[in-house]
Amino acid sequence: MHETSADMVWLQELLDESYAAAGAHLRSVVTPERRLDAAGVVAELGAMRVMALATTTARGEPRVGPVDGLFHRGRLHFGSGADSVRFRHIRAQPAVSASVIEGERLQVTVHGVAREVRPDDELTAFLVGVYGREAWDGWMSALPWARIEPTRMIAFRSRR
């Protein structure tokens with residue numbers, strides 16, 4: 001866990017505000033006993049999960065594809081190729097949605113804005129811990145990286 005106590009307070013407030021703003025149908029599926037709190041989100045996401053990331057084309061058409069969703073300091077991060085369509089979309093229209101889904105057992109969905117970031121020492125250490133020094137030094141450090149600044153996050157786990 002890399003989250004500070006302030007990160008955990010912020011994450012819990014985001015989860016609570018998002019749930020309060022959810023529609024009746026979503027609340028009927030994500031019942032209070034199925035909701036994950038901030039500690040549950042951190043425990044479930046761990047360091048890295050495959051995440052479906054949705055971006056938008058210049059014509060407003062949605063595009064979704066898998067990326068490594070890296071959960072650090074209460075926010076999802078991801079990288080991709082410097083010339084990737086994904087980063088072209090984000091640079092033009094940064095609104096994104098992303099979901100980590102594990103069958104019917106787990107879902108964490110985030111809506112927000114992707115901000116391109118240059119990994120600082122802390123994020124670099126985290127990424128090296130996930131991918132290894134050789135991969136980081138060999139090619140990953142040259143990738144563009146982004147952090148999703150969430151405006152909404154809904155997280156649930158099935159008790160089945």
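## Reading a barrel and its helices

A: In this predicted model, strands β5 and β6 are joined by 12 bridges and pair in the antiparallel sense.

Q: Which residue of β6 is the bridge partner of His 111?
A: The partner of His 111 is Arg 152, which lies in β6.

Q: How many bridges join β4 to β5, and in which sense do these strands run?
A: Strands β4 and β5 run antiparallel and are joined by 8 bridges, with Val 100 having Val 108 of β5 as its bridge partner. The two strands form a hairpin that has 3 residues between them, and in its turn Gly 103 has a positive phi of about 50°.

Q: In what order do the strands of the closed barrel run?
A: The barrel is closed and has 6 strands, which follow one another as β1-β2-β3-β6-β5-β4 with antiparallel pairing. From one strand to the next, the twist averages 40°.

Q: Which helix packs on the sheet, and which strands are touched?
A: Helix α4, residues 85-92, packs on the sheet and touches β1, β2, β3, β4, β5 and β6, while its direction makes about 55° with that of β1.

Q: Which residues make the contact of α1 with α3?
A: Helix α1 contributes Met 8, Leu 11, Gln 12 and Leu 15, whereas helix α3 contributes Ala 38, Ala 39, Val 41 and Val 42. Sorted by class, this contact of α1 with α3 has 7 nonpolar residues, 1 polar residue and no charged residues.

Q: Is Thr 124 buried or exposed?
A: A residue counts as buried when its relative accessible area is under 20%, and Thr 124, at 16% relative accessibility, therefore counts as buried. Thr 124 is found in helix α5, residues 121-131, and, not counting residues up to four places away in sequence, Thr 124 touches Pro 119 and Trp 136.

Definitions and conventions: Residues numbered from 1 in each chain as written. Predicted model: local features only at pLDDT ≥ 70, side-chain atom pairs only at ≥ 80, totals over all residues. Heavy atoms only, no water. Pairing = 2+ DSSP bridges. Helix = DSSP H or I, 4+ residues; strand = E, 2+ residues; numbered from the N terminus. Axes fitted to C-alpha atoms, helices over the stretch in contact; angles between N-to-C directions. Contact = heavy atoms within 4.5 Å. Nonpolar A, V, L, I, M, F, W, Y, C, P; charged D, E, K, R; others polar. Buried < 20%, exposed > 50% of the residue type's maximum accessible area, 1.4 Å probe, protein only.
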